[in-house]
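Biologist: I have a model open and would like to learn how to read it. Can we go through it feature by feature?

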Amino acid sequence: MDMVGSSSPPEDQNKKTNSYMNDNSPSETETSIETLAQKVQESLSHGKRHAFWETQPVGQFKDIGDTSLQEGPIEPPTPLSEVKQEPYNLPNLYEWTTCDIDSEEVCGEIYNLLSTNYVEDDENMFRFNYSKEFLRWALRPPGYYRSWHIGVRAKVSKKLVAFISGIPAKIRVRDEVVKMAEINFLCVHKKLRSKRLAPVMIKEVTRRVHLENTWQAAYTAGVVLPTPIATCQYWHRSLNPKKLIDVGFSRLGARMTMSRTIKLYKIPDSTVTPGFRKMELRDIPAVTRLLRNYLIQFAVTPDFDEDDVEHWLLPKENVVHSYLVESPETHEITDFCSFYTLPSTILGHQSYYLLKAAYSYYNVSSRTPLLQLMNDALIVAKQKDYDVFNALDVMHNESFLKELKFGPGDGQLHYYLYNYRVGEALKPSELGLVLL
C-alpha cells in the first residue's frame with residue numbers, strides 16, 4: 001500500500017474525483033488503460049517515470065498485455081517476525097497518534113482536518129465535507145483495527161495535522177476471496193505539504209496492515225499511477241438545477257433557459273414501485289442473499305456477510321439510505337437500492353455553503369427494472385433535499401444513466417489493487433465494488 005508516486009505530489013495521490021458536470025462524454029478509446037498509460041509516460045520526462053512505483057508490488061505499465069504473468073499476489077507474505085516493529089521516523093517536530101474515532105474530541109479533530117484540507121475539485125470550488133457520523137460509519141466496520149486510524153500531531157501544540165486510514169475488507173477477485181485493507185482519507189494540512197509527510201504516512205499504514213497479516217490493499221485515486229485495474233467515470237443527475245448552476249457545479253445548456261432546465265430535471269412527487277420501502281433490521285438476511293447472488297457476476301466485488309450488510313447498508317440518517325422492494329403478494333424481497341451522503345463545501349459563494357450530494361452505492365434489480373428502481377431512488381433523494389445524485393458507471397449503472405438524465409462529469413476515478421495482479425484491465429461494468 002505504499003501509494004506514493006514520484007511524478008506528482010504525494011498529497012494528491014489518493015485524490016478522489018470531485019468532478020462537476022461536463023457536456024462532453026469521453027470516448028471509449030480515451031479512457032482505455034493503455035491510452036492513459038501512454039499519455040502519462042509521454043507527459044513525463046525520462047527521469048520522473050514513476051521511479052517509486054517501479055519498486056513496488058503493483059501492476060507495471062511495461063507489463064500491460066504480457067499474458068505470461070499470472071493473476072494473483074505479486075509478492076508472497078513476509079514472516080510476521082520480519083515486519084518492522086517500530087513506527088517509521090517522522091520529521092522531528094511531529095509525532096504519531098493512533099486516533100480513537102469513538103472519542104467525540106478526536107472525531108471532531110479528524111472532521112476539522114478533512115473539512116478544511118481534503119479533496120477539492122481542480123477549480124477549487126468544492127471540497128468534500130464528510131460528516132462525523134459518516135466518518136464513524138466509514139472507519140468502524142466489523143473487525144476494524146484502531147491501530148489503522150493513524151494521525152500525525154505537532155509535538156508542541158498537539159494539533160492534528162495529518163491523517164490516513166485503513167479498514168479490513170474481504171474482496172473477491174474473480175474466484176479468490178482476498179483479505180485486504182481499504183486505504184482512504186490520506187490528508188495532510190495544506191501548510192505542511194512541503195514536509196513530505198505523506199510518503200511516511202503511507203509506509204506506516206502499510207507496516208501496521210502487515211502486522212495484522214494482511215498483504216493486499218484496494219484504493220482509488222483521481223490520478224493515474226501504475227496501474228489501474230479499472231477506470232470509471234462519474235455521472236451526475238441534477239435534482240436542484242438552479243442551485244447547481246448558481247454555484248458553478250453545472251452550466252446552463254446551449255439554447256436552454258433556467259425555467260426549461262428546471263422543468264427538464266423535475267422529479268415526480270412519489271415513488272411508483274409497489275412495495276418500495278425503507279430497509280429495516282429484519283431485512284438483513286434477505287438483502288444479504290440478494291446482494292451476494294447479484295455480485296457473483298462481477299470480477300472484483302466485496303464478499304459481504306450479514307454483519308457487513310448490517311454495518312454498510314442498514315439506513316443511518318444523513319449517512320446511508322437503503323430501500324427495497326417487498327412483493328405485496330408474497331412478501332419476498334426482490335430488489336434493493338442504496339445511496340450514501342457526501343456533501344461538499346461550496347468555497348467562496350455568498351448564498352450557499354453546502355452542496356448536498358447522494359452517491360449511488362449498491363443496487364440490485366431482479367423483478368423491478370433497474371431504470372424504474374433508480375428513478376424511485378432519485379425521487380426519495382429529492383424528497384430528502386439532495387441537490388445532486390452521483391453515480392459511477394460500475395456494475396449495470398450505465399443502463400440507466402442517460403435515460404434518467406445523468407450527465408458525465410469531468411473527472412475519472414481509477415481503481416487500484418496493491419500486491420495483486422489482475423490479468424487485464426477491467427471495464428467499469430465488470431467492477432462490483434464501490435469505495436467511499
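Biologist: Let me start with one side chain. Is Glu95 buried, partly exposed or exposed?

Modeller: Remember that this is a predicted model. Buried means under 20% relative accessible area, and exposed means over 50%. Glu95 has 24% relative accessibility, so Glu95 counts as partly exposed.

Biologist: Which residue does the side chain of Glu95 meet in a salt bridge?

Modeller: For a salt bridge, look for a Lys or Arg side-chain nitrogen within 4 Å of an Asp or Glu carboxyl oxygen. Here the partner of Glu95 is Lys158, at 2.8 Å from N to O. Glu95 sits in strand β1 (residues 94-98), and Lys158 in the loop between β3 (149-154) and β4 (160-173). The pair therefore ties together parts that are 63 residues apart in sequence. Lys158 is partly exposed too, at 42% relative accessibility.

Biologist: How many salt bridges does the count come to?

Modeller: The count is 22. Take Glu120 and Lys190 next. Their side chains meet in a salt bridge of 2.7 Å, N to O. This pair also links distant parts of the chain, 70 residues apart. Glu120 lies in the loop between α2 (104-117) and β2 (126-128). Lys190 lies in the loop between β5 (176-188) and α4 (197-211). Glu120 is buried, with a relative accessible area of 11%, whereas Lys190 is partly exposed at 39%.

Biologist: What separates Glu204 and Arg207 in helix α4?

Modeller: About one helical turn, because they are three residues apart in that helix. Their side chains meet in a salt bridge, 2.7 Å from N to O. Now check accessibility. Glu204 is buried at 0%, and Arg207 is buried at 7%. Salt bridges can also share partners. One such network joins Arg277, Glu280, Arg282, Asp283 and Glu326.

Biologist: On to helix packing. At roughly what angle do the axes of α2 and helix α3 (residues 132-139) cross?

Modeller: Roughly 105°, and the axes come within 10 Å. Angles from 65 to 115 degrees count as roughly perpendicular. That makes α2 roughly perpendicular to α3. Next, list the residues that meet. From α2 come Glu104, Cys107, Gly108, Ile110, Tyr111 and Leu114. From α3 come Lys132, Leu135 and Arg136. By class, this contact has five nonpolar, one polar and three charged residues.

Biologist: How do helix α7 (residues 284-295) and helix α8 (residues 306-313) cross?

Modeller: At roughly 100°, with axes that come within 9 Å. So α7 is roughly perpendicular to α8. Ile284, Pro285, Val287, Thr288 and Leu291 in α7 meet Glu306, Val309, Glu310 and Leu313 in α8. The residues of this contact divide into six nonpolar, one polar and two charged.

Biologist: Last, a loop residue. Where is Asn397, and is Asn397 buried or exposed?

Modeller: Find the elements on either side. Asn397 is in the loop between β15 (388-392) and α10 (398-401). Its relative accessibility is 4%, so Asn397 counts as buried.

Biologist: What lies 2.8 Å from a polar atom of the Asn397 side chain?

Modeller: The backbone oxygen of Leu392. Asn397 is then in contact with Ser360, Asn363, Ala391 and Leu392.

Conventions: Residues are numbered from 1 along each chain as its sequence is written. This is a predicted model: local features need pLDDT of at least 70, side-chain atom pairs count only at pLDDT 80 or more; totals for chains, interfaces and linings use all residues. Side-chain values use heavy atoms; hydrogens and water are left out. Helices (H or I, at least four residues) and strands (E, at least two) are DSSP runs, numbered from the N terminus. Buried means under 20% relative accessible area, exposed over 50%, partly exposed in between (1.4 Å probe, protein chains only). A polar contact is a pair of N or O atoms within 3.5 Å; within protein, one must be able to donate a hydrogen and the other to accept it, and residues adjacent in sequence count only if both atoms are side-chain atoms. Contact means heavy atoms within 4.5 Å. Axes are lines fitted to C-alpha atoms, for helices over the stretch in contact, and angles run from 0 to 180 degrees between N-to-C directions. Angles under 35 degrees count as roughly parallel, over 145 as roughly antiparallel, 65 to 115 as roughly perpendicular and the rest as oblique. Ala, Val, Leu, Ile, Met, Phe, Trp, Tyr, Cys and Pro count as nonpolar, Asp, Glu, Lys and Arg as charged, and the others, Gly among them, as polar. Lists of a residue's contacts leave out its neighbours within four places in sequence.
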